[in-house]
Amino acid sequence: MKLVNFLNNLFKEDGFRLIDANKREYLIGKPEKKNPLILELVDSSMHYKLLLLPELYLGEGYMNGKIKIHNGTITEFLEMTLKNLGKHNPNNFSKLINKILGTYRYLTNFNFAKQSKKNVAHHYDISEKLYELFLDEKRQYSCAYFKNENDTLEEAQNNKIDHIIKKLNIKDNQTVLDIGSGWGGMAIEIAKKTKARVLGITLSENQLKYSKQKTKEMNLENQVEFKLLDYRELKSKFDRIVSVGMFEHVGKKFYKKYFKCIHDLLNENGAALIHTIGSIDKPRDPQPWISKYIFPGGYTPSLSEIARPIEDSNLILNDLEVFRLHYAHTLRNWRERFLNKKDKVLEMFDERFLRMWEFYLAGCEMAFKWGDQVVFQLQLSKDKTTIPPTRDYIYQ
């Protein structure tokens, strides 16, 4: 079977047992365990689909029950796979098909305000209770900052917020805009810790409702405001702008517009911090399974794709920090919390949803651990003198 040859060429380290849809067994690679993980293909279509486009069909097969794992977990299988694959494409045929799909998505994907709101609702407006199961108490749904990989999720998320506040050098009574404010945790913390006035904007109705309720509970309504608004609709000026985990949803066609908006929304002595997932490789096409099932319209850019739009906007890049393994640790925490609450997930959704999210969290974790995914923190301003000349002020 061609699939067996493909897998044996891919798995240079470790391995597993493969059971095809005809119940034939094969040894793939050189398993390190005496009783190795078993990948069972329940449906014969997987024999060619995993050759054709494994980046899409492995996830589809697992979530739809056409692929089963025995003597292990999908997390273990994905770690083994990504460790062997690294930053490379599985095969040239898969690379070609993904390129065609990526080109089609680029030509047909227009993240105008209406489509952006629809894309956000697909992921963020499914159920408040779902996110309660695995996020920290401030509901930070973005990469945390682990000073030590054994930090708790709460500690690491608080580290991230503190790091951003310090890096932006926010002062009393300054005005701050949070683009893509999520459930409001960062905007509220900025207001509490700096006495700044903060506006958070989101395209998620669920997140807006939750953020407003939290602001009311904490008696911060005079200092923090949240609106259901697209960043392209704003006309006000701000001293500071922060955007965490939102740039991935902007779309390549709108990078120039996005940074132009950041420029226009900043006061002359203002500063912005953009925190986004990115790739340490040259530009490539979106991951097809993630695009189809998790983040429609999403894309994680290479640094080269960000640099030119920043230059065109007349913004100054003061500082670039790359978080490498921090998101792998964050996703590990989310995955463990999510799977520890399986029973509660199944009260809200079905087995297919459970497997889909397990694959999503585990796959992303391994992409940050073994693949090309990192987080970029870009600090931008209009004037070279806005931010202190060294990083000492951040760590004092």
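Predicted model: local features only at pLDDT ≥ 70, side-chain atom pairs only at ≥ 80, totals over all residues.
Colleague: Which residues of α14 are buried?

Modeller: Quite a list: His 326, Tyr 327, Ala 328, His 329, Thr 330, Leu 331, Asn 333, Trp 334, Arg 335 and Phe 338.

Colleague: Okay, now pairs. How are two packed helices described?

Modeller: You give the angle between their axes and the distance between the axes. Take α4 (residues 74-85) and α16 (residues 351-370): their axes come within 9 Å and cross at roughly 30 degrees. Angles under 35 degrees count as roughly parallel, so that's what we call α4 and α16. The crossing is right-handed. On the α4 side, the contact includes Ile 74, Leu 78 and Leu 82; on the α16 side, Phe 359, Ala 362 and Met 366 are among the residues involved.

Colleague: What about loops? Is Gln 140 buried or exposed?

Modeller: Gln 140 sits in the loop between α7 and α8. Buried means under 20% relative accessible area, and Gln 140 has 6%, so it counts as buried. Among the residues Gln 140 touches are Leu 135, Lys 160, Met 186 and Trp 334. That Trp 334 is also one of the buried residues of α14.

Colleague: And cysteines: how many disulfides does a search find?

Modeller: Zero, across the whole structure. Cys 143 is buried, at 0% relative accessibility, and Cys 261 is buried too, at 11%.

Notes:
Residues numbered from 1 in each chain as written. Heavy atoms only, no water. Buried < 20%, exposed > 50% of the residue type's maximum accessible area, 1.4 Å probe, protein only. Helix = DSSP H or I, 4+ residues; strand = E, 2+ residues; numbered from the N terminus. Disulfide = S-S within 2.5 Å. Axes fitted to C-alpha atoms, helices over the stretch in contact; angles between N-to-C directions. Parallel < 35°, antiparallel > 145°, perpendicular 65-115°, else oblique. Left-handed = near helix turned anticlockwise from the far one by under 90°. Contact = heavy atoms within 4.5 Å. Lists of a residue's contacts leave out its neighbours within four places in sequence.
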